[in-house]
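Please look over the sequence and the structure before reading on.

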Amino acid sequence: MSLKAKRKVVSSIPPMDGGTYMGVCVAVVDLGQQYKQFEKQKQGKYAEECMFIFEIPDERVEVDGEDKPRWLSSRRFTVSLHERAALFQMLTAWRGKALTDAELDPAGDGFDLMQMAGVPAMLSVTVVEKDDGSKYNRIEAVTGFPKGLPAPQPESEILVFDADEPDMEVFGKLPEWVQDIIRKSTQFADNAPEEKVDIPPEEPETPPASKGACPI
């Protein structure tokens, strides 16, 4: 057997033009407790973070030879409903109404972010250029969908991931770079849930002479 290591081909999908797009939230992702350190601070802290992934049905990309709607992710939000928090401001603009007193009550159940899965939105998208010259899209604002306009219907499966009670089947359907963020959370570091792997039926038993040896 020939053992050759090769670099994987990385598909480069060019960014969309900047503008306003119709989208629908196809994933609400609990990223878990993530370590954050801000500029001019010697010591960081852990904070709960989340992310939303939107599908844009009218923008198509080719993935592994298949025509699929483009996905764009939101920024990573600290899970906070303080009036100055970015998540609070985004939810207010997206829902088009203020959160109720019960949802804002620190002693109450709070606002369930998972209910935003499947909700349409208008996305303000820009093109950002990195230092290396590559470009990518960034969602600058998420606002409510105009009344009277037909809302886009999701083509992709709606995904909801909870880092405290991880469903590894859902985890496996998230983009790899999102999985990598989640693996850095305290929940995964503490619990380290096993990822589901499909094992072929009637797998032959390892010969005694090779037990404990490198499988390569």
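The points below are grouped by topic.

The model is predicted. Its chain of 216 residues is 31% buried by residue count, and its secondary structure comprises 5 helices and 7 strands.

**Fold**
- Along the sequence, the elements come in the order β-β-β-β-α-α-β-β-β-α-α-α.

**Surface**
- The chain has an accessible surface of about 15000 Å².
- Carbon and sulfur atoms contribute 49% of that surface.

- Strand β5 covers residues 120-129 and strand β6 covers residues 135-143.
- The two strands, β5 and β6, run antiparallel and are paired over 8 bridges.
- Glu129 is placed opposite Lys135, a residue of β6.
- Between β5 and β6 lie 5 residues, and the two strands form a hairpin.
- In the turn, Gly133 has a positive phi of about 95°.

**Cysteines**
- The number of disulfides in the structure is 0.
- A disulfide would be a covalent bond joining the sulfur atoms of two cysteines.
- Cys25 has a relative accessible area of 0% and therefore counts as buried, the cut-off being under 20%.
- Cys50 also counts as buried, because its relative accessibility is 3%.

Key. Residues are numbered from 1 along each chain as its sequence is written. This is a predicted model: local features need pLDDT of at least 70, side-chain atom pairs count only at pLDDT 80 or more; totals for chains, interfaces and linings use all residues. Side-chain values use heavy atoms; hydrogens and water are left out. Helices (H or I, at least four residues) and strands (E, at least two) are DSSP runs, numbered from the N terminus. Buried means under 20% relative accessible area, exposed over 50%, partly exposed in between (1.4 Å probe, protein chains only). Accessible areas come from the Shrake-Rupley method with a 1.4 Å probe; for residues, only the protein chains shown count as cover. Two strands pair if DSSP finds at least two bridges between them. A disulfide is a pair of cysteine sulfur atoms within 2.5 Å.
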